[in-house]
Structure formats: structure tokens, C-alpha cells
Amino acid sequence: MTQPSPALVEAMRTVQSPLVILGAGGKMGPTLAVLARRAADAAGHALDVVAVSRFSDPTARGWLESRGVRTISADLFDRAAVARLPESANVLYLVGLKFGTQQTPSLTWAANTLIPTYVMERYRGARVVSLSSGNVYPLVSIHSSGSVESDPLTPLGEYANSCVGRERIFEYFAQRDGTPVALIRLSYAVDLHYGVLVDIARKVFQRQTVDVTMGHLPYIWQGEANDRILRALALAAVPASPLNLTGDQSLEVRDVALRFGALMGCPVQISGMEADTAYLSDISRLRETLGAPKLSLDTLIRWTAHWVMQGGSLLDKPTHFEVRNGRY
Ligand SMILES: NC(=O)c1ccc[n+]([C@@H]2O[C@H](COP(=O)([O-])OP(=O)(O)OC[C@H]3O[C@@H](n4cnc5c(N)ncnc54)[C@H](OP(=O)(O)O)[C@@H]3O)[C@@H](O)[C@H]2O)c1
């Protein structure tokens, strides 16, 4: 997960110190920051990697510090705290709010649009890679090759629309101040601790029913996603430049559940029928720029089945991949 590729080691040589990672205390930030640390070390490049978050989960902070990543605890809703962050020419933006949108949509909108405003005011002129989501597109036919970056952003539901808002804020400041930005439309990072594969594996292992209505899911191993996110600093541009980031092909929920069942020796209970639409992204641009991910679905299924069966630690943050009405 945190072993750098030769391409990343090379790319890190161009990154001026410090590299600031905002929203680093969540599911992706810790491994992303440590991957950057290891890549810089492998390049013999003196790079200070600074992880910023509120660190609601203090274990993430300790994990980062013990691996050579400097941490700063800050609430990025606080403009004064944003102003105190270290100067940087390279910023990765991971802050986001998704779950709970149905209950408090105003908080989601504030987190996903106000914080980008404060950050873009603070880091005027820096190269910024901002995480977005494949959910900015509407559901598309499973027979299509998926949404392309130039497609209209007309998703369903407040969370996805707040992600469009987040992109538009970055885009606005990129244009206004000439701040280069890459917008990474990520679809479902998978890790052994969380993600769509863990969600399906757990259901099978616990003899719960797997709903296959959302029958097709894009996915990417988090290690490969983090590699592309760091290398995307080179793609930051004015106007802001979007990039779909996901695997070469989507997974079929029914097929994956059956494969987990076979590996785990569990009967599989399926409900629903596959809908003919899903959240799918075309990765032609990714293939041309940073390269398509390589890790096979077979490998990920084997790793995940083994991890879940042996009681490996899990984050217990379900993806709710079944949601089709945009309500999170
Ligand atoms: N993981 C995926 O599969 C996936 C898929 C599509 C898109 N994305 C996007 O990629 C980004 C990173 O993904 P992730 O899974 O790591 O997200 P995540 O687990 O939600 O992490 C984001 C982190 O941002 C921090 N944050 C939120 N509000 C903050 C505030 N006011 N001040 C400081 N920090 C704040 C939180 O950590 P603290 O509580 O420590 O502050 C939170 O854990 C997200 O923005 C998401 O939109 C991820």
C-alpha cells in the first residue's frame, strides 16, 4: 500500500518541500502521506510531508508521526487556522463530507464548498490536487464505456451535487487567481480495511443478503489510487483539469459475492436484479497520462477474503454502494 513505484519516486523529485495534505486523517490520507514520505526517501529528496486534519481519530495521527510525517491538528472551517498553515507550493486536498448529508445537508454543502474557498485563498498559486468523486456524473448505461471528463455534471442527490459545488469552487479560484488545479474524480478506493470489496465480503461471511440492484461498481486499489493522486500534481492546470480515477473495468457485485462465497465456504444470498445503469467512468485520459491501474480483481478478492476470514482490523465505515437515489 505504501511502497512507491519507480514513476512516483521520479515524480517526487519535482515536489518542492513541504508537501501539504489537507484532510489527511480519513480513510485515504494516512497511507497517501506515508507513500509520499517513502517515495521522497527513496528519491533521496528532503521533503517535509505535512498532514493536516482535526484528527478525530487520534490513532491516525500517531501512525503518521511514527512514520516520519509531520502532523498539524486544525479545523479547516476556521479561517485563522487555515491562515496559520505552512506555506506550500504543492497541496493535496482530501477534505470531504458525505455521510449524514440526508440529516444535515447544510453542513455537507458548507464543508464541500466553504473549506475549498478558504484553502484556495490561502494557497493561491500553488499546485493543487483536489479529490472529487465519480459521483459528480449521473448513472449511465452499463453497456456504455462510462462518463468522460467533458460530460455534463448532473448527478442525483445533495451529496453528489455538493461535490459538483466543490469542483466549481476550485475551478473558479483556479481561473481567478491562476492557481493550477487537478480535479480527481475518484471512484471507490478499496483497501483491506474498508471499501466495496470489504462490504461485499463481510455480508457474505456474515450470511447477510447481498443486494445486486447496483450491479456494477468501479473500484481501484487504494495504493494505486494514491500513486496516481501524488503524480497528478504534474497535471494541475489552469483552467482546472478533471481526471477520472478508477480501475480498468468495473466489478460485478453478483459475481464477486459468489467468488467470496466459494473462497470462504459460505452460502451466498442474493436479492434484487441488476439495474441497467451504474456509476461508471471512462479512464481513457488516465491511461494516457498516469497509466491504468494494474492490480487484478482476482488478487484483490483473494486478499480481501483472507483478511475478513482471519478477522483483520476493519474501519467499519460502509460505503453504502447500494444507494441509487443519491441519498447518503
Ligand atoms: N475513499 C473513496 O473511495 C473515495 C471515493 C470517491 C471520492 N473520494 C474523495 O476523496 C477524498 C478522500 O477520501 P477519504 O475516503 O479519505 O475521505 P474521508 O475518510 O472522509 O477523509 C476526509 C477527512 O477530511 C477531514 N476533515 C473533514 N472536515 C474537516 C475539517 N473541517 N477540518 C479538517 N479536516 C477535516 C476528516 O478527518 P478529521 O476528522 O481528522 O478532520 C476526514 O476524515 C474525500 O474528499 C472524498 O470526497 C474518496
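Residues are numbered from 1 along each chain as its sequence is written. In this predicted model, local features need pLDDT of at least 70 and side-chain atom pairs count only at pLDDT 80 or more, while totals for chains, interfaces and linings use all residues; side-chain values use heavy atoms, without hydrogens and water.

**Exercise 1.** Work out whether S162 is buried or exposed, and find the side chain with which its own side chain makes a polar contact.

*Solution.* 
- Start with the element: S162 belongs to helix α6, residues 158-177 (a DSSP run of H or I, at least four residues, numbered from the N terminus).
- Next, accessibility: S162 counts as buried because its relative accessibility is 0% (buried means under 20% relative accessible area, with a 1.4 Å probe and protein chains only).
- Finally, the partner: the side chains of S162 and N112 make a polar contact at 2.9 Å (a pair of N or O atoms within 3.5 Å, where one must be able to donate a hydrogen and the other to accept it).

**Exercise 2.** Describe the lining of the largest pocket and explain where this pocket lies relative to domain 1 and domain 2.

*Solution.* 
- Count first: 43 residues line the largest pocket, and K27, L94, V95, G96 and L97 lie nearest its centre.
- Then the elements: α5 (105-122), β5 (127-133) and α6 each give two or more residues to this lining, and α5 gives the most, with four.
- Now the domains: domain 1 (6-189 + 219-245) and domain 2 (192-218 + 249-277 + 294-309) both contribute lining residues, so the largest pocket lies between them.

Conventions:
Buried < 20%, exposed > 50% of the residue type's maximum accessible area, 1.4 Å probe, protein only. 1 Å grid on protein atoms, 1.4 Å probe; cavity = no way out; pocket = protein on both sides within 12 Å on 5 of 7 lines; lining within 4 Å. Domains from an automatic or database assignment.
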